[in-house]
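Here is a short report on a single chain.

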Amino acid sequence: MGNFTVPVEIFSEEGSRSAVLDAVVDTGATYTCLPEILLRDLGIVPVRRVESELADGSVSQDDLGVARVKVDGIEVITYVSFSKESAPVLLGAIAMETALLVVDPVRKRLVPTRALKYSLGNKATEYP
């Protein structure tokens, strides 16, 4: 498929400040990875810590925060990973799925898709 980048806008908690970065579209990354210093400058704080497996099989401990992110004009709330300044900025799978965007590998772009949900045949589910 090859790599491609898209502009991603990250907002401060109250929405008064934001930053735009070019992010590598990475369907193999669970979370959107952004520079720690940028996230902290925008007031985004870690809310949990997770283990992440790297391509070489090693495991790292990563802080996650919750941020408002805009990609292709679609704003979503998603977990973001606090990354070192030397690490690439990545747009991860959860943010893309939340924004209902999928990868077009031929044209190297993100394209809209529909949400999927479970249904019971053609009947609407009834709730008590």
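Helices (H or I, at least four residues) and strands (E, at least two) are DSSP runs, numbered from the N terminus. From that end, the elements run β-β-β-α-β-β-β-β-α-β-β. That comes to 2 helices and 9 strands.

The model is predicted: local features need pLDDT of at least 70, side-chain atom pairs count only at pLDDT 80 or more, and totals for chains, interfaces and linings use all residues. Residues are numbered from 1 along each chain as its sequence is written, and side-chain values use heavy atoms, with hydrogens and water left out.

The C-alpha atoms fill a box of roughly 50 × 40 × 30 Å along the principal axes. Of the 128 residues, 36% are buried. Buried means under 20% relative accessible area, exposed over 50%, and partly exposed in between (1.4 Å probe, protein chains only).

**Pocket**

A pocket is an open set of points on a 1 Å grid over the protein atoms alone, where a 1.4 Å probe fits, with protein on both sides within 12 Å along at least five of seven lines; lining residues have an atom within 4 Å of a point. The largest pocket has a volume of about 610 Å³, a volume being the space filled by probe spheres set on the points, which are joined across faces, edges and corners. Its lining holds 24 residues, and C33, S52, L54, S60 and D62 are the closest to the centre. Strands β4 (46-53), β5 (59-71) and β6 (74-83) each give two or more residues to this lining. The lining divides into 8 nonpolar, 8 polar and 8 charged residues. Here Ala, Val, Leu, Ile, Met, Phe, Trp, Tyr, Cys and Pro count as nonpolar, Asp, Glu, Lys and Arg as charged, and the others, Gly among them, as polar.

**Surface patch**

V45, V47, V66, I77 and Y79 make a nonpolar surface patch of about 450 Å². Patch residues have over 30% relative accessible area and no salt bridge, and nonpolar side chains are joined within 5 Å. A salt bridge puts a side-chain nitrogen of Lys or Arg within 4 Å of a carboxyl oxygen of Asp or Glu. Areas come from the Shrake-Rupley method with a 1.4 Å probe. Y79 sits in strand β6.

**Positive phi**

D72 and L100 have positive phi values, and neither is a glycine.

| Residue | Phi | Loop | Relative accessible area |
|---|---|---|---|
| D72 | about 50° | between β5 and β6 | 44% |
| L100 | about 55° | between α2 (93-98) and β8 (101-104) | 33% |

D72 is partly exposed. L100 is partly exposed too.

Definitions and conventions: Patch = residues over 30% accessible without salt bridge, like charges linked within 9 Å, V, L, I, M, F, W, Y side chains within 5 Å.
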